[in-house]
Amino acid sequence: MAEKKKPVKILTPSTNEFKGTDVESLQHSFVNHLEYSCAKDEYSATEHDCYTSAALMARDRLIERWVETQQAYYNADAKRVYYLSLEFLMGRALGNNLINLGLYNNAHRALMELGYELEELQEKEWDPGLGNGGLGRLAACFLDSMATLELPAYGYGIRYEYGIFFQKINDGYQVETPDNWLRYGNAWEFPRPEYLYPVRFRGRVEQYTDEKGVFRVRWVDADMVMAMAYDTPVPGYANNTVNNMRLWSAKSTREFNLDYFNTGDYEKAVADQSNSENISKVLYPKDESFKGKELRLKQEYFFVSATLQDILRRFKKTHEGFSAFPDKVAIQLNDTHPAIAIAELMRLFMDVEGLGWDEAWAITIKTFGYTNHTVLPEALEQWSLGLMEYLLPRHVQIIYEINRRFLDEVSAKYPGDVNRLHRMSIIEEGPEKKVRMANLAIVGSHSVNGVAALHSEIIKNNIFRDFYEFYPNKFNNKTNGITQRRWLKLCNPGLSSLISSKIGDGWTKDLYELKKLIPLADDADFRKKWNDVKRENKKRLAEYIWRKNAVEVNIDSIFDCQIKRLHEYKRQLLNAMHVVHLYNRIKDNPKGAFAPRTVIFAGKAAPGYYISKLVIKLINSIADIVNNDADIAGRLKVLFLANYCVSNAEKIIPAADLSEQISTAGYEASGTGNMKFALNGALTIGTLDGANVEIGEEVGDENIFIFGLKSDEVVRKKFGGYNPWDHYHASQDLRRVVDMIKDGFFSPADRGLFQPLTDLLLKHGDQYMLMADFDEYVKCQERVRTAYLDTEGWVRKSILNTANMGKFSSDRTISQYADEIWGVKPVPVKIPREPR
């Protein structure tokens, strides 16, 4: 950190203390927060105190806009969209909020004059543990775009106390430790104890006749947990809109039992509190056990119930009755996790508000939209009917009635088609009956969308084909996008500045403006500046790698990156197999001509996902051999960066040359990492899967490296008797790689350690077609090598990738959601000149 000077208290008008945007006002605010919010001076302040003061300085400038935004929505009686997601992978807030406020440069100068480096203070912010993968990061990009587009929108989720886990690598293995991201508090959130809602579990259902003689149902004798709101402001870029993300924390109705405590039973004295608050402790608790499954279902219902109660409270403040509800409320379900909201809204309408079934159901369908994020049948949530009856008895009744009425409609259209009824039923019959949450989401929503063109076709023609035939007008595509404010302007300031110096900064709000870069790809001077920026980014990442992994990397090598959550279909194993192949080639011909390569992996495996955790161990074991082999002489390095998160991605992506998007075709719904890499000038090597297809269409075949089976070919192979042994015997290179892994070359102390991986490839059918795609992958990587050795040609391709990313802004995606699904309109926010 820069040498600290004694902070000087700058006298400025009091109105500027919270709103002033000039350098002096920001300094005044920072110094006052250090003294009056942190109770520190320049001698006792820690680096985290200084970060907190900078965060509060920025937060002050959000508050008036935040308050005025909510008032503007009430004044306009605007239709609002509520985005329900179990994850929000927000990333650090300080830099992003300063950029959206237009204060980054002034804040940098203000702090520098006081002896602090803004970039170093940003490093003190802990990544919020509110998400894990692409689902949560997409939700965060969407919140940014909704605010930037001035849409009346709210994000709703859970305030996880410990996130998913903090990943450490011990002897090559993933080790999960608690992600205590709230240890030092969260400067950006506001606790809202006034918004406290009861959430019920278990109990029983009873029928009764009310005072008007109407037959009614109520849920009684239930256990109760309280949901307390925590609000975080989400600013738009270069406007006055500051939307709200509201997260729920579980609180016990009885936090402390003094009777138990006084008798010496200290554990039981706090047992109610502990059991209740477990709900919001951890994201995605292991669910192999009954208790784990129970906790997962409780989490989903907990945040859904609190959210819907909050939505109804807000609606009822300004409306009588519920006929206008779908005209004022749009609820988007981010995957199947919040799908129980459909049954919960029906319960609230009927049992609490007194609506009849037909009216409640008509409103419910018009209100909900459902986004599907997976083509993996095993990833489509299903809950044991017994577990749901135990936890949510009233909801099971409602789901059965939804299903009965729905199947009556199906039967009327397809009389006698019993198999179709079985496939479409919300209740799956079998030894253990299950509730199919995706089916519930489709039946209870007016819109069902995929997240890439290929994915949307697959869900229409494959996994939800019956529903598409029954509800053809419900289905649509909304290709995912990313926010260019975080994923270019913030994370890659060198490239951002270079681009703006040539074409202006209109791209920050209209990413299609990057098309103006296309002619500059043929400008030698611009190419040199572009390459210089990339080289500086690689240098910074190399320094980070040295600090974290003690591995020295060559910044002139291809930075070949695969950073994403670990899953078999994402095929990190295929990438690792290619590394072994490169190692063999160099060992066979140490004096040969090779393009040096640094292969960078990062990502978390689910705690219970044994195979993916074993792949992490394999990658690290390969790295141990490769990085310490004198014959390799710096031409190949392999490393696994621990605890992948948004802030790590912001370091890796700007430095990447090659983006590995190599999932088995037909399995990746979209992917957004592919967009982030391409926006920052990395070239993609990938299959025709997810959004890779559309990226290829935008950048041109000559500027992307495509290989492997297409999605329809994968299906035909599987149904045509695919035999991975055929590829093993036909390819000497493949056979050598597999045998080295199987026979313990990378695990000499335990020769059979990695045999479960090779057994999956050879003995258990190679479900994700690694053997079938290996040779083509190797050939495609050879094309990458050849292209990289032509520096001028490579840089030209890099520029053209960035220039053609306009389609992949989340602003475009959200505009389509707003126009085609939600029916919400922008509400510009004006800030009054004088206080209210």
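Trainee: Which residues point which way from β10?
Mentor: Val329, Ile331 and Leu333 point one way, and Ala330, Gln332 and Asn334 the other way, all of them buried. Buried means under 20% relative accessible area, with exposed over 50% and partly exposed in between (1.4 Å probe, protein chains only). Strands (E, at least two residues) and helices (H or I, at least four) are DSSP runs, numbered from the N terminus.

Trainee: And what kind of model is this?
Mentor: A predicted one: local features need pLDDT of at least 70, side-chain atom pairs count only at pLDDT 80 or more, and totals for chains, interfaces and linings use all residues. Residues are numbered from 1 along each chain as its sequence is written, and side-chain values use heavy atoms, leaving out hydrogens and water.

Trainee: How many bridges join β1 to β10?
Mentor: There are 5, and the two strands run parallel. Strands pair if DSSP finds at least two bridges between them. Tyr82 has Ile331 in β10 as its bridge partner.

Trainee: What about β10 and β11?
Mentor: They run parallel too, joined by 4 bridges. Asn334 stands opposite Thr371 in β11.

Trainee: New topic: which residue caps the N-terminal end of α35?
Mentor: Ser809, with a side-chain oxygen 3.0 Å from the backbone nitrogen of Asp811.

Trainee: And what follows α35?
Mentor: Gly823, whose phi is positive, near 65°.

Trainee: Which residues in α35 are buried?
Mentor: Among them are Ile814, Tyr817, Ala818, Ile821 and Trp822.

Note on methods
Polar contact = N/O pair within 3.5 Å; in protein donor to acceptor, adjacent residues only side chain to side chain.
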